[in-house]
Amino acid sequence: MNAIVSVNQLKKSFDEKQVVKEISFAVEKGEILCLLGPNGAGKSTTINMLCGILGYDGGEMCYRGKNIKNCLNQFKRNLGVVPQDLAIYEDLSAEQNVRFFASLYGLKGRVLEEKVSKALDFSGLLERRKDKAKTFSGGMKRRLNIACAIAHEPELLIMDEPTVGIDPQSRNHILGSIKKLSQHGMTILYTTHYMEEVEEISTRILIMDSGTIIAEGTKESLKEDIFDERQFIMEIEEETNLNVDEFYKIEGIKKVEKQDQTLTITTLKNIENLDKIIALVITSKSKILNLFCRTASLENVFLRLTGKSLRD
Amino acid sequence: MTAINLRNLYLISKEDFKNLFKNPMWLFYNIAFPFLLIVVLGLLSKDSYGGAISAFDYYGITLMIYTAISSGMTSANAFMEVTIRKPNMRIIYAPGNERVIYLSKILSSFLFCLLCHLGVAALTFTIFHIRVDAIPQLLILLSLTELFSVGLGVMFCCIFKTEAMANQILSIVINIFAILGGLLFSMDGYGQVVRRLSYLSPAKWLANTSFSMIYDHDFSWFYSTVMGLILAIIVVFIICAKTFRKEDCIC
């Protein structure tokens, strides 16, 4: 275990409502940990507590094994935050924004200028460095928001839904940037309610709902642990009528459905029976035109865990 | 305060100071508005005054006091205006004490307002030959009033959590102070009760102290007014410290 940050039994209430209920997790060095959950799950509250902007009612947060309260400035020096809102000065240029925020981390002189240029270059804003932020598109402002957070080269980058409300092109740029930052050794804690983003970038996932962490693991392990089934979907061309009941004689088969030319077979995941299924189709003088295997998506995982869709 | 806090206080104040000078609305409010107010009221009332004190002599002083006690509107805006509030979050993420946020807003607004108002005073006093005396004492009073007022603006933001609410209430408080203190028209002719009530306004004390020093060379009120202002500034700073919550910077 090489945890940069660990959170133990953290809780927070607003008035009478408990929004974070004694959650515990750790952020390991070099990973992209995605905190996935619907709106109101408690993701942003957790992030705000971790960033020091919100107090907490109980529990403990540690940075490299030390209580954050006892090493707050050391933690903050190694932390970059991309908040959900655009935290930039609209009347300043891209360069002035990045320079100002980076200077708050003690950077100055040539080192500061180098890091400002590097962050702007990374965010694809170097050519527009002199332009005021208010002249930027939504996607460019989002990228500037990221540049302001990474200029001081933090060890841990916390990103709170950084792609909300932007076009697909800018979203792809941001997701690509996150993967690059991870390759450069930065540890990333990323919150989102977009399943496809988690599928694309995560190395580990925490699923949060109603203030608690309901599942934790890699996307593969979550799917493995929660679903013991998979589906084979075949497009077939029949010469004689295929007897669907025959499939139930094969070990592991749970359900077989046939609609026009499409045969959907649900089977236990841990039983290797594809060769028998194919053999049965061929012996019944049918021709397989197409075959693919469908495994569970994170959306299915979430639905199974909570009984509701992520965007409900 | 540690070195990083002092450095961040300097950096944030500098940026806020520059931002205030880039905002045409606040430049108008702190330069053109008081200048026009002195010109208009001075011209309209010039026949009502005569002898040793002209209308410009009266309004030159009272409206500068009015302008100084209105500085809280500028600091409230610099602290919690919606476009400023979001970048404030990043300041909280940075190392150092989050209290530098409101301290830097007080410092930058204080310097901005003081510079603007000194410029207006220099201009109007020269153009309209407004009589001034005891300049060092007047500068001390002006500086302390500005500091009290910008602190009051930030204090209202800390209490009421939004710039809009803070400015609405601040504007009522300022105008009550101004009217009661006789800054726009003298309240002395409205009877004993009103005259006594007018002393509840700090504006009245400031006006009386200033006129006593300029026309009577009487400095007896000066020290008590200065002490009162320092006390008020301390109270405002304590309330800011007690009511400021970094959570309120979350948009």
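A residue counts as buried if 20 or more other C-beta atoms lie within 10 Å of its own. The legends below describe a predicted model.

**View 1. Chain A as a whole.** By the rule for burial, buried residues make up 37% of the 312 residues in chain A. The chain holds 10 helices and 14 strands. Its C-alpha trace spans about 80 × 45 × 35 Å along the principal axes. The radius of gyration of chain A is 24 Å, whereas a compact globule of 312 residues would have one near 20 Å. Among contacts in chain A with a separation of 6 or more, 70% link residues 24 or more positions apart.

**View 2. The hairpin of β1 and β2 in chain A.** Strand β1 (residues 3-14) and strand β2 (residues 17-28) of chain A run antiparallel and are joined by eight bridges. Within this pairing, A:Lys12 stands opposite A:Val20 in β2(A). The two strands form a hairpin with two residues between them. In the turn, A:Asp15 has a positive phi of about 55°.

**View 3. The other pairing of β1 in chain A.** β1(A) is also joined to strand β4 (residues 58-63) of chain A, by five bridges. This pair, too, runs antiparallel. Which residue of β4(A) is the bridge partner of A:Val5? The partner is A:Tyr63.

**View 4. A six-stranded sheet in chain A.** The strands of this open sheet have the order β6-β7-β8-β3-β9-β10 (chain A), and their pairing is mixed. β6 (79-82) and β10 (212-217) of chain A each have a single partner strand, so they stand at the edges, with one side of each left without a neighbour in the sheet. On average, and with direction ignored, neighbouring strands of the sheet are turned by 15° against each other.

**View 5. The β9 and β10 end of the sheet, with helix α8.** Five bridges join the antiparallel strands β9 (residues 204-209) and β10 of chain A. Here A:Leu206 stands opposite A:Glu216 in β10(A). Helix α8 (residues 219-226) of chain A packs on the sheet and touches both β9 and β10 of chain A. The direction of helix α8 makes about 105° with that of β10(A).

**View 6. Helix α1 of chain A on the sheet.** Helix α1 (residues 43-51) of chain A lies across β3 (32-36), β6, β7 (156-160), β8 (187-192) and β9 of chain A. The helix runs at about 145° to β7(A).

**View 7. The nonpolar cores.** In soluble globular proteins, nonpolar side chains tend to be buried together. The largest nonpolar core of the model has 137 residues. Those with the most contacts inside this core are A:Val98, A:Ala147, A:Ile158, B:Ile65 and B:Val154. Leaving aside residues up to four places away in sequence, A:Ala147 touches A:Val98, A:Ala119, A:Leu120, A:Phe122, A:Ser123 and A:Leu125. Another core, of five residues, lies apart from the largest one and includes A:Leu263, A:Ile265, A:Ile277 and A:Val281.

**View 8. The contact between chains A and B.** The contact takes 25 residues from chain A and 21 residues from chain B. On the side of chain B that touches chain A, α1 (3-22) and α5 (82-93) of chain B each supply at least two residues. Which element gives the most to this side? α5(B) does, with eight residues. By type, the residues of this side of chain B divide into 11 nonpolar, four polar and six charged.

Conventions. Residues numbered from 1 in each chain as written. Chains lettered and ligands numbered in written order. Core = buried A, V, L, I, M, F, W, Y, C linked by C-beta atoms within 7 Å. Buried ≥ 20, exposed ≤ 12 C-beta atoms within 10 Å, placed from the backbone. Contact = placed C-beta atoms within 7 Å. Helix = DSSP H or I, 4+ residues; strand = E, 2+ residues; numbered from the N terminus. Nonpolar A, V, L, I, M, F, W, Y, C, P; charged D, E, K, R; others polar. Pairing = 2+ DSSP bridges. Rg over C-alpha atoms; globule rule 2.2 N^0.38 Å. Axes fitted to C-alpha atoms, helices over the stretch in contact; angles between N-to-C directions.
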